[in-house]
Amino acid sequence: MFKWFGRINYAPFTKVDGFAQHLKDGRLMATRCSQCGATSFPPRADCSVCLSGDFEFTELSGRARLHTFTKIVAAPTGFEDVAPYTVGVVDLEEGGRAVAWFGDSIQEGEIEIGMELQVVPQIFEELEEIKVYYSLERPGTEWVKV
Amino acid sequence: MTRVGIVGIGHTAFGRRSDATVQELAFEAFREAVLDAGIERDAIDASVIGAVPEYHKQRSLAGVVQEYLGLAPKPTWLTEVACASGSAAIRTAWMSIKAGVHDVVAVIGCQKMTELSTPEILALMGRVGEVQWESGFGTTFPAYYAMFAKRHMHEFGTTREQLLDVAVKNHHYGALNPKALFRKEITKKKAAASEDVATPFQVYDCCANADGAACVILAGEETARAVSDKPVWLSGMGCATASMSVLRRPNLVGLPSAEQAAAQAFEMAGMEPANVDVADVHDCFTIAEIMAYEDLGFCPKGEGGPFVADRQTYIGGAVPVNVDGGLKAKGHPIGATGTSMTHEIVLQLRGEAGERQVPDAAVGLTHNVGGIGQYCFVQVLTRE
C-alpha cells in the first residue's frame with residue numbers, strides 16, 4: 001500500500017510497498033540485500049552492489065543528525081495550504097539519508113546543522129484516507145499510535 | 001576524426017513571449033543562425049531539438065519544429081535531460097558529425113514555460129528530485145539548491161552577501177545584453193529586500209522562468225572552413241551524471257557530475273581551467289554559480305564566495321563568468337539555455353559581444369547543469 005506514503009504520492013506502485021505498512025505500524029525500515037547484505041535508505045528492492053533482487057526489510061533506530069535544511073515559502077501545487085514548511089536532510093545513524101519535515105517537538109529557531117534528531121513515523125490525523133510519513137523530532141521522541 | 005565547428009548562431013529575446021508558439025520561437029533563432037552561417041537551408045542534413053516536453057501542450061516537439069523550419073524530410077530528434085537538454089542536443093549533433101553520419105546539423109534549444117503558473121512550474125521542477133521518497137514532502141527545485149547553500153555556508157563560511165554578489169554581477173551584465181529578460185542593475189539592498197523563496201534564497205537568488213530559443217549550426221571541419229572564416233571549435237566535450245536523489249550524493253556542497261564533465265572536457269581540449277578566458281555557467285541559483293567556480297577548478301573548493309566578492313568573475317578578473325547575464329538575468333527557458341550558453345561563447349570568441357566583450361577571448365567554456373546536477377555538460381570552445 002505504498003500509496004499511503006506522502007502527503008501527495010507520485011509513485012504508488014513499487015516492489016518496496018511494505019515500507020508504508022511498517023511505517024503505519026510505527027517502524028522505520030531500510031532494505032537489506034538478502035545476497036550480499038548491503039543496506040539502503042531510502043529502501044530499494046534491487047541491490048545496487050550485487051544486482052540481486054532479493055531483499056528484506058530491516059528496522060532503523062531513527063537516530064539521525066541534521067545535514068542541511070530549508071524553509072520553503074514558495075510552495076508547489078498541492079502544498080500551498082501548508083506553506084511555509086521546513087524540510088531537512090538527515091544522515092541516519094545506520095547509513096543513508098532521509099528528507100523530511102520538522103515535527104512539533106522542534107522549534108524553528110533551534111534548528112541548526114549538526115543537531116541530533118529522531119526520525120519518527122507519523123500519520124496525518126486530519127486526513128480521512130490513510131496517509132503516512134515521517135518527521136524530524138527531538139531525540140527520544142517516541143512513535144505514538146493514533 | 002573530423003573536428004566540429006560552429007558556423008552559425010541565432011538567439012531570440014528571452015522573456016514572457018506571449019506573442020509566439022514554441023515553433024515560432026525556434027524559427028526566429030533558426031533564421032538568424034542560417035543567415036549568420038551564410039548557408040542554404042538545404043545544406044542542413046539534420047536537426048536536434050533540445051527541450052523539456054512536460055511544459056508544452058504539443059506532444060513530440062521535434063516533429064512540429066522540424067516542419068515549421070521547413071527541414072522535413074531530414075532527420076530530427078529530441079534530447080531531454082532537464083535544464084541541460086540544449087547541451088545534450090549539441091552533444092548528439094557533435095557525435096553524429098564525429099561519426100561521419102551527418103556533416104551539417106542545426107541544433108535548436110527551445111522552450112515555452114510561461115503558459116504554466118509558478119506553482120505548477122515549482123511542482124514540475126520539484127519532481128526532478130526523486131518522486132518516490134522526496135516529492136511527497138513538497139520539495140521544490142529552489143529548496144534543493146537552498147539546502148546546498150546552507151551546507152556550503154556551514155562548511156566553508158560562504159556568506160549571504162557573497163550569494164547576493166552573484167546576483168548583482170549577473171544583473172550588471174544582463175543590463176548589457178539586448179536579448180536578456182532583465183536588463184536592469186540591482187543592488188544588494190534591493191535583492192536582500194525581495195520575498196523569501198526557500199531560505200536562504202529570496203527572489204533575487206533565483207533565475208526566472210522564461211520563453212525563448214537559441215540555435216547553433218555545427219559542421220565538420222572541411223565544411224566549417226569552407227563556409228565560415230571564423231568557425232569556433234568544439235574542442236573539449238564532457239558529460240557526466242550523478243544520482244537522481246540528492247540523498248545518495250557523496251556531499252551536498254558541489255556537483256560531482258560537473259567536476260567529472262569538466263575534467264573530460266579539459267583533457268580532450270588539452271587545456272586547464274587557467275586557460276579559460278570567458279565562461280557561461282549554470283547559475284540557476286546564486287549558490288549554483290559559486291559551486292560551479294569550484295567544480296570547474298576556477299578556484300579551490302570552498303573559496304567560490306570570496307572569488308565572486310573579490311570581483312574575480314567580472315571582466316578584468318581572473319575569469320569573467322556569465323557576462324551575458326547568466327540564467328539569473330538573461331532568463332532560463334530550460335531547453336534553450338544550453339544552446340544560449342554556446343551562442344554567447346561563440347559571440348565572445350568572434351569578438352562580437354559588443355559592450356560585454358571580454359577583450360581578446362580565445363578560449364571559452366560552457367557548463368550546463370540538468371536538474372540538481374543529475375546531468376552536467378561542459379564544453380571547451382576555441383577559435384583559430
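Figure 1. Val120(A) stands opposite Ser135(A) in E8(A). In this predicted model, local features need pLDDT of at least 70 and side-chain atom pairs count only at pLDDT 80 or more, while totals for chains, interfaces and linings use all residues. Residues are numbered from 1 along each chain as its sequence is written, and chains are lettered from A and ligands numbered from 1 in the order in which they are written. Helices (H or I, at least four residues) and strands (E, at least two) are DSSP runs numbered from the N terminus; two strands pair if DSSP finds at least two bridges between them. Strand E7 (residues 116–123) of chain A pairs with E8(A) in the antiparallel sense over 6 bridges. On strand E6 (residues 97–102) of chain A the pairing with E8(A) is parallel, over 2 bridges, and Phe102(A) stands opposite Leu136(A). Strands of a sheet pair through backbone hydrogen bonds, either parallel or antiparallel.

**Figure 2. Burial of strand E8 of chain A.** A residue is buried if 20 or more other C-beta atoms lie within 10 Å of its own, exposed if 12 or fewer, and partly exposed in between, with C-beta atoms placed from the backbone. By this criterion 6 of the 6 residues of E8(A) (residues 132–137) are buried, so the strand is largely enclosed by the rest of the structure. Val132(A), Tyr134(A) and Leu136(A) make up one covered side; Tyr133(A), Ser135(A) and Glu137(A) make up the other, also buried.

Figure 3. Chain A has 1 helix and 8 strands, in the order α-β-β-β-β-β-β-β-β from the N terminus. Its radius of gyration, taken over C-alpha atoms, is 15 Å; the globule rule (2.2 Å times the number of residues to the power 0.38) gives a value near 15 Å for a compact globule of 146 residues, so the two agree. The C-alpha trace of chain A spans about 45 × 35 × 30 Å along its principal axes, and 37% of its 146 residues count as buried. Domain bounds come from an automatic or database domain assignment, which divides chain A into domain 1 (2–59) and domain 2 (63–137). The centres of these domains, over C-alpha atoms, are separated by 19 Å. Their contact (C-beta atoms, placed from the backbone, within 7 Å) takes 16 residues from domain 1 of chain A and 15 residues from domain 2 of chain A. On the domain 1 side, helix H1 (18–24) and strand E2 (39–40) of chain A each supply at least two residues, and H1(A) has the largest share, 3 residues.

**Figure 4. The open sheet of chain B.** Here 9 strands form an open sheet with mixed pairing, in the order E3-E2-E4-E7-E1-E8-E11-E10-E9. Strand E3 (76–79) and strand E9 (278–281) of chain B are at the edges with a single partner strand each, so one side of each has no neighbour in the sheet. Neighbouring strands are turned by 25 degrees against each other on average, direction ignored; axes are lines fitted to C-alpha atoms, for helices over the stretch in contact, and angles run from 0 to 180 degrees between N-to-C directions. Strand E2 (residues 46–50) and strand E4 (residues 104–111) of chain B are paired in the parallel sense over 5 bridges, with Gly109(B) as the bridge partner of Gly50(B). Helix H1 (residues 22–37) of chain B lies across strand E1 (4–11), E4 and strand E7 (212–220) of chain B, at about 125 degrees to E1(B).

Figure 5. A nonpolar core is a set of buried Ala, Val, Leu, Ile, Met, Phe, Trp, Tyr and Cys residues joined through C-beta atoms within 7 Å. In the largest one, of 175 residues, Ala26(B), Val107(B), Ile108(B), Cys215(B) and Ile217(B) touch the most other members. Domain 1 and domain 2 of chain A both give residues to this core, so it lies between them. Beyond four places in sequence, the contacts of Val107(B) include Val48(B), Ala89(B), Cys215(B) and Thr339(B). Ile97(B) belongs to helix H3 (residues 85–98) of chain B and is buried, with 27 other C-beta atoms within 10 Å. Among the residues that Ile97(B) touches beyond four places in sequence are Val4(B), Val105(B) and Leu218(B).

**Figure 6. Contact between chains B and A.** Chain B brings 29 residues into contact with 33 residues of chain A. Helix H4 (118–126), helix H5 (141–156) and strand E5 (196–198) of chain B are the elements giving two or more residues to the chain B side; H5(B) gives the most, with 7 residues.

Note on methods:
Two residues are in contact if their C-beta atoms, placed from the backbone, lie within 7 Å.
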